[in-house]
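Good morning, and thank you for coming. I would ask you to look at the structure on the screen before I take you through a few of its parts.

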Amino acid sequence: MSLPPAPAPSCASAPSAPSAPAAPGDRSPWRSLRYRSMRWWSLANFVSNAGTWMQLTVQNLLVLQITGSAAATGLSLSVQAAPGLLMGVAGGAAVDRWPRKATAAVSQALLGAVAFTTALLVAFDQLGLGVLMGLAAVTGLVATVDGPACALLGNDLVRTEDVPSAIGVGSLVHNAGRLVGAGLGGATVAFLGTAAAYAANGLSFLFVTAVIPFLRPLRAAAPAAPRAPRTGRRRGEGRRARGAEGMTVREGLVFFARRPRLLGLAVITGVSSVFGRNYSLTLAVLVTGPLAGGAGAFGTVSTALAVGGIVGAVLGARLRRPSVRLVGVLAAAGGLLQAAAGLSPSLAVLVVLVLPMAVVESLSDTAGTTVLQTDPPPRLRGRVLGVWGSVRTVWALAGPPALGLLMEVAGARGALVAGGLLIAAVVTAGYAAHTRRAPFPVPVPAAAPALAARPAAALGTAA
């Protein structure tokens, strides 16, 4: 039960010049591909995403075949998500402490091992419910480290101003891998069986593992502070010394909680995720209900969403230094378009509104991811991404039930309109509150003197 690796990676090794560095004023969405390591990383992510979607094409059907229960299918997904909720911050702290390339390579290899194990158990008809849940839990646990490691691994391959391009390219690679993987998954199962899809996913993880050692970031990742010597210290003094080194989980939580930009980004993204992104539910009900369409009509709407997402990713890749304000403006615009879509009198009008809605939301995603991955100081980025992963898991678990309840009360149209207006209102209220409040400085403990002379590390993205 392996999940796709987090988007774009980068790592810590000897710096190496890109084959054709982007010009300082270049705004091409493809400028990140001028770096040789980024081209290899994008290829690796494409292969990995294709393998993952091959597996996901048959995964839920496999669970149903084993258990005969839809509830068990949902439980397996919850078990896989639980480590992200409970251990996400600890996983991010591990990424800050351990060498990034080695961490990403090991985590990818472990995910490959889980996929191969599942393939063997399926092939020999030995995969029971208990083993299935155990593999799901292991996958989720490894992903708490793999996600931030790979996310911080790709942007170190490019200059800071080219990070949005790396994120946009990663989004395009993800969508391309999804299309190819879904098609190959059906063909693989038809001719070779379910186990072959898991084995292919395992091979895709091993391909990423093999590519990582050859990546050459432009900057070394922020090195972990050395452990304080224990000699001559009492136990309590040793704990205080290690805390002073700045590698504690608590420091990441405190930084996130005291950083208004990150809190604002979390609120915008959370409200948008709960009330604005579950279109497989809201738009499906709108199309098949009030608009009296069928599966083909919803397929048309889904295609418009996909096209808009790709266009938004390309436009987002042109950004250089996006801000939380830009994320908020785009989220509010997407909310208003969603409200208008909820009032669509016909399928044609809905498609016309859905396309720009998907564009601004994809653009907002790219801008928000860039802010999240570049705002914290390099030595805290793993822990900040760990906190973000835990918060995002809460949204993923709470969003569908909350939206379902809203649809029960207000219907599909009401849920779309109310959700879109709520997003716009929250962004507007947040902006008004921000303009009235004096800036709140966030103290960032200085790095150890031995590390102070090192250049600041850039950060990473994910595919």
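Which residues does I212 touch, not counting residues up to four places away in sequence? I212 touches W41, K101, A104, A105, Q108 and L153, where contact means heavy atoms within 4.5 Å.

Before I continue, a word on the basis of these values. This is a predicted model, in which local features need pLDDT of at least 70, side-chain atom pairs count only at pLDDT 80 or more, and totals for chains, interfaces and linings use all residues. Residues are numbered from 1 along each chain as its sequence is written, and side-chain values use heavy atoms, with hydrogens and water left out.

I212 also has a place in the largest nonpolar core, which has 51 residues; W41 and I212 touch the most other members. Helix α14 gives this core its largest share, eight residues. A second, separate core has 20 residues, including Y279 and V354. A nonpolar core is a set of buried Ala, Val, Leu, Ile, Met, Phe, Trp, Tyr and Cys residues joined through side-chain atoms within 4.5 Å. Buried means under 20% relative accessible area, exposed over 50%, and partly exposed in between, with a 1.4 Å probe and protein chains only. Helices (H or I, at least four residues) are DSSP runs numbered from the N terminus.

Let me turn to helix pairs. Two packed helices are described by the angle between their axes and the distance between the axes. The axes are lines fitted to C-alpha atoms over the stretch in contact, and angles run from 0 to 180 degrees between N-to-C directions.

How do α3 and α6 cross, and at what angle? The axes of α3 (residues 100–123) and α6 (residues 194–211) come within 8 Å and cross at roughly 165°. That makes α3 roughly antiparallel to α6, a term for angles over 145 degrees, whereas those under 35 count as roughly parallel. In the contact of α3 with α6 there are 15 nonpolar, seven polar and no charged residues. Here Ala, Val, Leu, Ile, Met, Phe, Trp, Tyr, Cys and Pro count as nonpolar, Asp, Glu, Lys and Arg as charged, and the others, Gly among them, as polar.

The second pair is α9 and α12, which pack at an angle of about 15° with their axes 10 Å apart. That makes α9 roughly parallel to α12. Their contact has six nonpolar, five polar and one charged residues.

Next, helix α10, residues 279–288: Y279, T282, L283, A284, L286 and V287 are buried there. These buried residues pack against α9, α11, α12, α13 and α14.

S107 lies in α3 and is buried, with a relative accessible area of 3%. Leaving aside neighbours within four places in sequence, S107 is in contact with V142 and D146. G312, in α11, is buried at 0%.

Finally, the loops. Is D125 buried or exposed? At 68% relative accessibility, D125 counts as exposed. D125 is found in the loop between α3 and α4 and has a positive phi of about 55° although it is not a glycine. A292, in the loop between α10 and α11, has a positive phi near 55° and counts as exposed at 68%.

Note on methods. Helix = DSSP H or I, 4+ residues; strand = E, 2+ residues; numbered from the N terminus. Parallel < 35°, antiparallel > 145°, perpendicular 65-115°, else oblique.
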